Amino acid sequence: MKRVYSLVFALLSLSLLTVSCDKDGRIDPVDPHNDSVSKDTTLAMNLDMAYVESECRYSPEGMSVYSAVCDECSWLDVANDGSGSLIISAERNEETVSRSADVDVVFSNGSSAVLTVRQNAYPVLKALDISHPKDSTEIYLELGEDTEDVRIWLMPILSDLSPEEQELIMKYYSTYDISILYDFILSSDRKDIYDYQEYLDMVEEHGRFCIEGIPMDGYPYEILIILTVDRYGNIGKDYRRSVV
C-alpha cells in the first residue's frame, strides 16, 4: 500500500487545559486565551471525536472542574473523576451524519467553559456504481461525511497470491474474522490495492477508474472489496461484491 494508516490519537494542548483521549479525539480553541481566564469569563472550545466508542479526559491546568452539565445528549456522558478532571465518553455513532452536543463546564475558581463535542459520522460511500465493461471492473464512488479515504481491491484468485497471502486469506475464510482481512488490506503494499488519491488520479488521467478483471462467485475466490476509512484510520462500512 502506498499510504499506510494507523490509529492516531489527535491531541492539541491549550495553555488553559489539557485533554487526553483513550481513543480518538481532537480539541481546538474557538476563543483563544494565552493567560488564565478571568473570573466568570466563558470560553468556547471544540472537541472532535471519532465515530467509534471514545473516552477523553478534560484536565484544566491550574484549575479543577467543579461541575459539568450536558442537556439532552443521550449519546454523551460527562463525569467528574473526583480529582478535578472531567471524563467525556461518547457512544459509537451508527449514523452516517455527525452529531454534536454542548457541555457547560464550571471550574472551582468561578470561570466557565462551553465545550462543544462533535462526533464524526460513520464512514460510508455516498454513491457507488460498479459496471463490467469487457473483462474489467469500472467503479464510480463518492465519499460520505467524515469519510476520509477508501481501499479498493479486486482480490485475485488464490493461485495469484503469495503462499503467505494465501495462508492469511484462507485463515479469514475459515474463521470469518473480518479484522484479518481489514488489517491485511490496510497494511499491504500490493500495487493492486488502491486508495482514494489513486482513485482520483486514475479518474483525472483516464476519465474513469477501471481495473482489469471482474469479481466472480466460486472457489477459488475473486472478490471486489471496498473499505471506507475515517481520518483516524478507523474502518467504517465495507462493500464486498462477487458476480456469477
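Q: Which residue in β14 stands opposite Glu138?
A: In this predicted model, Glu138 has Cys210 of β14 opposite.

Q: What makes β11 and β14 a pair of strands?
A: Pairing requires at least two bridges between the strands. Four bridges join β11 (residues 136-143) to β14, so the two strands count as paired. They run antiparallel.

Q: What is the order of the strands in the open sheet?
A: The order is β10-β11-β14, with antiparallel pairing. The edge strands are β10 (125-131) and β14 (209-212), because each pairs on one side only. Neighbouring strands of this sheet are turned by 25 degrees against each other on average, direction ignored.

Q: Which helix lies across β11 and β14?
A: Helix α3 (residues 196-206) does, and its direction is at about 115 degrees to β11.

Q: Why is Asp238 called buried?
A: The term applies under 20% relative accessible area. Asp238 has 17% relative accessibility, so it counts as buried. Its place is in strand β16 (residues 235-241).

Q: How do you know that the side chain of Asp238 makes a polar contact with the side chain of Tyr182?
A: The cut-off for a pair of N or O atoms is within 3.5 Å. For the side chains of Asp238 and Tyr182 the distance is 2.8 Å, so this pair meets the cut-off. The side chain of Asp238 also makes a polar contact with that of Arg240, at 2.6 Å.

Q: Which residues is Asp238 in contact with, leaving aside its neighbours within four places in sequence?
A: Asp238 is in contact with Tyr182, Ile226 and Leu227.

Notes
Residues numbered from 1 in each chain as written. Predicted model: local features only at pLDDT ≥ 70, side-chain atom pairs only at ≥ 80, totals over all residues. Heavy atoms only, no water. Buried < 20%, exposed > 50% of the residue type's maximum accessible area, 1.4 Å probe, protein only. Polar contact = N/O pair within 3.5 Å; in protein donor to acceptor, adjacent residues only side chain to side chain. Contact = heavy atoms within 4.5 Å. Axes fitted to C-alpha atoms, helices over the stretch in contact; angles between N-to-C directions.
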